[in-house]
Amino acid sequence: MARPRIQRPDLGGPFPEHVAIIMDGNGRWAERLGWRRVWGHREGAQSVREITTACAEMGVKSLTLYAFSVENWKRPRREVQYLMRLLARYLIEERPTLMSNGIRLSAIGRLDDLPEVAMSALRETERRTAGNDGMQLRLALSYGSRTEIADALRLVAEDARAGVLAPEDVNEETLRRYLYAPMAADPDLVIRTAGELRLSNFLLWQASYAEIFVSHACWPEFRRPQLLEAFADYARRVRKFGGLIQDCPAPAPVRAERRAAEG
Ligand code: IPE
Ligand code: IPE
Ligand code: MG
């Protein structure tokens with residue numbers, strides 16, 4: 001089975017295993033060049049290809065891409081139609097790249113909202129890549145974190161009513177089992193492009209302890225060098241998860257520095 005040889009640059013610290021990206025700024029990028037917004041979406045698809053391949057080559061285990069939010073249905077009909085057609089085309093045209101990089105594709109979100117052409121392309125690409133054992137690529141489509149949590153709670157209530165789940169057994173781990181991708185590990189790093197400092201309803205539960213990196217590059221400009229910049233920044237972070245410095249894995253020089261600062 002095809003699988004790229006893992007080539008990981010030494011960034012002097014840990015590498016994120018699970019990366020999630022809010023791919024923003026397509027419209028602004030196009031408008032800055034005097035083009036229609038949708039050209040930004042088209043160019044953004046090139047970034048998807050480059051970043052996905054780069055992550056697979058660097059041994060990232062899972063990559064979640066926020067491609068279309070539940071709120072994005074509010075956009076003008078023509079833009080939504082363009083995005084859905086682009087999605088269907090991407091899902092078909094990327095199959096050889098996904099296969100040659102050993103990538104498994106899946107999706108999270110209210111997938112029933114998708115038009116038939118996108119849905120059938122998605123199901124077929126999922127089927128063809130299901131046997132790959134490399135990076136997991138998850139597309140967030142018609143995704144909203146509050147919707148995901150509300151959907152999960154509805155299923156919890158149904159199971160409680162059916163008697164298969166006792167209310168006292170509802171805790172963080174049981175609730176997780178009702179999310180769209182129960183087996184997915186939490187993201188280590190959430191990247192947002194185009195400079196906005198917000199999560200826009202993305203992985204609110206899962207990103208509780210994610211490191212956040214905001215790039216000023218718009219998504220069509222976000223390529224390998226910008227990804228490496230985000231990873232290099234991540235390598236310098238100290239993750240404490242509410243504990244203290246000595247409890248957490250961190251690059252040795254950073255640990256020493258922080259310990260000295262803490263006295
Ligand atoms: C991100 O780019 C793509 C989607 C949300 C579908 P935008 O279309 O949001 O671009 P800006 O933020 O308006 O520049
Ligand atoms: C977030 O971008 C959604 C995706 C990247 C798919 P938006 O452009 O929709 O977010 P806001 O409106 O700036 O918060
Ligand atoms: Mg935007």
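These are legends for close-up views of a predicted model.

**View 1. Six strands side by side make an open sheet.**
Read across the sheet and the order is β3-β4-β2-β1-β5-β6, with parallel pairing. β3 (104-108) and β6 (211-214) sit at the edges, and each has a single partner strand, so one side of each has no neighbour in the sheet. Going from one strand to the next, the twist averages 20 degrees.

**View 2**
To pick out one pairing, find L105: its bridge partner in β4 is L137.

**View 3. Helix α2 lies across part of the sheet.**
Covering residues 37-57, α2 lies across β1 (18-22), β2 (62-69) and β4, and it runs at about 160 degrees to β2. How far apart are the end C-alpha atoms of α2? They are 31 Å apart, which agrees with the 30 Å that its 21 residues should span at 1.5 Å a residue. Just after α2 comes G59, which takes a positive phi of about 80 degrees.

**View 4. R177 sits in a loop between a helix and a strand.**
The loop runs between α7 (172-176) and β5 (189-192). Is R177 buried or exposed? With 55% relative accessibility, R177 counts as exposed, because the cut-off for that is over 50%. Look for A152 too: R177 and A152 are 25 residues apart in sequence, and 8.4 Å separates them in space, C-alpha to C-alpha.

How values were computed:
Residues are numbered from 1 along each chain as its sequence is written. Chains are lettered from A and ligands numbered from 1 in the order in which they are written. This is a predicted model: local features need pLDDT of at least 70, side-chain atom pairs count only at pLDDT 80 or more; totals for chains, interfaces and linings use all residues. Side-chain values use heavy atoms; hydrogens and water are left out. Helices (H or I, at least four residues) and strands (E, at least two) are DSSP runs, numbered from the N terminus. Buried means under 20% relative accessible area, exposed over 50%, partly exposed in between (1.4 Å probe, protein chains only). Two strands pair if DSSP finds at least two bridges between them. Axes are lines fitted to C-alpha atoms, for helices over the stretch in contact, and angles run from 0 to 180 degrees between N-to-C directions. Contact means heavy atoms within 4.5 Å. The expected span of a helix is 1.5 Å times one less than its number of residues.
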